[in-house]
Amino acid sequence: MRFSGFRILKEGLTGNKGWRPHWRDPEPKAEYDIVIIGGGGHGLSTAYYLAKEHGLRNIAVLEKGYIGGGNVGRNTTIVRANYNLPGNSEFYSHSLKLWEGLEQDLNYNVMMSQRGVLNLFHSDGQRDYAARRANSMINQGDDAQLLDREAVRRMVPFLDFDNLRFPVFGGLYHARGGTARHDAVAWGYARGADQRGVDLLQNCEVTGIDVENGRVRGVQTSRGPIRAKKVAMVVAGRSSQVAALAGMRLPIESHILQAFVTEGLKPLIDHVVTFGMGHFYISQSDKGGLVFGGDLDFYASYAARGNLPMAEHVMEAAMTLMPAIGKARVLRSWGGIMDMSPDGSPIIDKTDIEGLYLNCGWCYGGFKAVPGSGHCFAHLIAQDRPHPAATRLRLDRFRTGRGLMDEEGTGAQHNLH
Ligand SMILES: Cc1cc2nc3c(=O)[nH]c(=O)nc-3n(C[C@H](O)[C@H](O)[C@H](O)COP(=O)(O)OP(=O)(O)OC[C@H]3O[C@@H](n4cnc5c(N)ncnc54)[C@H](O)[C@@H]3O)c2cc1C
């Protein structure tokens, strides 16, 4: 089933009765060439690119819940390629380029909106860092503009520019950044993978990973055992638990990140805006809600809900930057379980167990990585060598200390990244 303007018109005039489910609901087979654990954005995009770019078809994605129920459907949808350090810089640049052709590639409306990301700075030191980061982005071939205070004021006049503690000095503007509709991204990749023969098995929890003589042989699941030549772990906040099924101990901590949305308002914020003196970021959804978030809840947890002190902390940051927000009513908030790595950067690598692959450590930045991560992980699984855009995303950097990518400069503290 392909989407087209003609099809939408026809269905609209005939009661929308001709649409079919976007993917099949198959029974698990006894054996697959490749089993992907985790039907989030990264697992689905990996399956899609394995089928599309490498011609592999005998693949299953095992999802313990439902497609789109994890972080891929819980995030604040920000997409960008404004990283500073080698490793992250080329990887996120690669991912943004894939985003730019994604709707045509998937024949699916993921509501990609390149509305621009504006990172504010509030001191001379921050301005220097923003200039350095802008130069890295331009060197990487991406776009960056350093804006002075008046240029920022023209874009977002409602901010508190003269706040006594945190006056706005200017901003780093990344015009190709923006937002996309998160669950549509999961649905688009799921549909694309299914069309190419991938089995998407929902309500199928992996409860064991079978390893014999240092080689992976398959998985145990709530729907029975499944043999596999290769197994890929892509379970975001559950990475440590799933890797433990294969006897591995990962350098990952799981923390909660909350997000908030207000009632629908008339158009107010055209861009994504981030506060440089507190962890706070905001954009406006197509329905008019102000979507915003802030820091992690600072304790490790597997509960997909947050606590009230952090909600208060985020509201304080919002009021400091943008006092007008105090008039909007918050409709709802929710939490997701983040896979925090010690340097705040991701891992796409093989493991010491032959045939077992690992993709994790996305912290709270993995939505923008969905196309790039799937593309690079599929390359690694299919060809057993890293994609050029992901050569530095190695697991052993945490053991050897070589090649750490501490983008935030906050040291080896998971909760600070
Ligand atoms: C509030 C919030 C805001 C965020 N904002 C942004 C943002 O603006 N921009 C950005 O780039 N990133 C953002 N992120 C981060 C981003 O959402 C995540 O990094 C990314 O979605 C993680 O990858 P995923 O989509 O594959 O994860 P998920 O969707 O969580 O997928 C993992 C899947 O694995 C499944 N699973 C786990 N254990 C098992 C098992 N044993 N067997 C089978 N399946 C299993 C889970 O059910 C889940 O569906 C945010 C996250 C949150 C929570």
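Which residues come nearest to the ligand? I looked this up before anything else. Of the 36 residues around the ligand, I noted E63, N71, V72, T76 and K368 as the nearest. A residue counts as near if one of its heavy atoms lies within 4 Å of the molecule.

I am working with a predicted model, where local features need pLDDT of at least 70, side-chain atom pairs count only at pLDDT 80 or more, and totals for chains, interfaces and linings use all residues. Residues are numbered from 1 along each chain as its sequence is written, and side-chain values use heavy atoms, with hydrogens and water left out.

Next entry: polar contacts, meaning pairs of N or O atoms within 3.5 Å. A backbone N or O atom of K368 is 2.8 Å from an oxygen atom of the ligand. For G366, I read 3.0 Å from a polar backbone atom to a ligand oxygen.

Then I checked cover. On its own, the ligand has 1,000 Å² of accessible area (Shrake-Rupley method, 1.4 Å probe). The protein covers 96% of that.

I sorted the shell by element (DSSP runs: helices H or I of at least four residues, strands E of at least two, numbered from the N terminus). Two or more residues each come from α2 (41-54), β12 (253-264) and β16 (330-340). β12 gives the most, with three residues.

Last, I followed α2 to helix α10 (residues 370-383). Their axes, lines fitted to C-alpha atoms over the stretch in contact, come within 7 Å and cross at roughly 55°.

Definitions and conventions: A polar contact is a pair of N or O atoms within 3.5 Å; within protein, one must be able to donate a hydrogen and the other to accept it, and residues adjacent in sequence count only if both atoms are side-chain atoms. Axes are lines fitted to C-alpha atoms, for helices over the stretch in contact, and angles run from 0 to 180 degrees between N-to-C directions.
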